[in-house]
Amino acid sequence: QVQLVESGGGLVQPGGSLRLSCAASGSISSFNVWGWHRQAPGKERDLVATITRAGSINYAASVKGRFTISRDNTKNTVYLQMNSLEPEDTAVYYCNAYQQNGVFRRYDTWGQGTQVTVSS
């Protein structure tokens, strides 16, 4: 069974940067989409960014131009580089991987989350 482990969260001042990592253990050949989501206190979990096996990337409007998703296939790791952080970016960030085939989604796998706090 594949496990996803996030790291890199922490406390940062507004305008600062963080890089989150999501390392996968086990066979990941079934996944063709990797993503980052976040959940702020009292709010729903929202999509932040996704990257497909083919390299297609999608960002939420609120992070476009500030965040960058990437992956290192040799390390089975996906990254989220976050720049120009704002207090509104404070949330628990979750890594997610799944297989998307048309309208069907399966093998949905989540990490345990990493806390990002943006505050002065």
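This is a predicted model: local features need pLDDT of at least 70, side-chain atom pairs count only at pLDDT 80 or more; totals for chains, interfaces and linings use all residues.
An open sheet is built from four strands, in the order β1-β3-β8-β7. The pairing is antiparallel. Strands β1 (3–7) and β7 (67–72) form the edges, and each pairs on one side only. From one strand to the next, the twist averages 15°. Within this sheet, β3 (residues 18–25) and β8 (residues 77–82) are joined by six bridges.

The largest pocket has a volume of about 210 Å³. Its lining comprises 16 residues. Arg-38, Ala-40, Lys-43, Asp-46 and Glu-88 lie nearest the centre of this pocket. Two elements, β4 (33–39) and β5 (45–52), each give two or more residues to the lining. The largest share comes from β5, with three residues. By class, the lining of the largest pocket holds eight nonpolar, three polar and five charged residues.

The second largest pocket has a volume of about 160 Å³. Among the residues lining this pocket are Ile-28, Ser-29, Phe-31, Asn-32, Trp-34 and Arg-53. Arg-71, Asp-72, Asn-73, Asn-76, Thr-77 and Val-78 also belong to the lining. Strands β7 and β8 are the elements that give two or more residues here. Both strands are also members of the four-stranded sheet. The lining of the second largest pocket divides into four nonpolar, five polar and three charged residues.

Terms used. Residues are numbered from 1 along each chain as its sequence is written. Side-chain values use heavy atoms; hydrogens and water are left out. Two strands pair if DSSP finds at least two bridges between them. Axes are lines fitted to C-alpha atoms, for helices over the stretch in contact, and angles run from 0 to 180 degrees between N-to-C directions. On a 1 Å grid over the protein atoms alone, a cavity is a set of points where a 1.4 Å probe fits but cannot get out, and a pocket is an open set with protein on both sides within 12 Å along at least five of seven lines; lining residues have an atom within 4 Å of a point. Grid points are joined across faces, edges and corners, and a volume is the space filled by probe spheres set on the points. Ala, Val, Leu, Ile, Met, Phe, Trp, Tyr, Cys and Pro count as nonpolar, Asp, Glu, Lys and Arg as charged, and the others, Gly among them, as polar.
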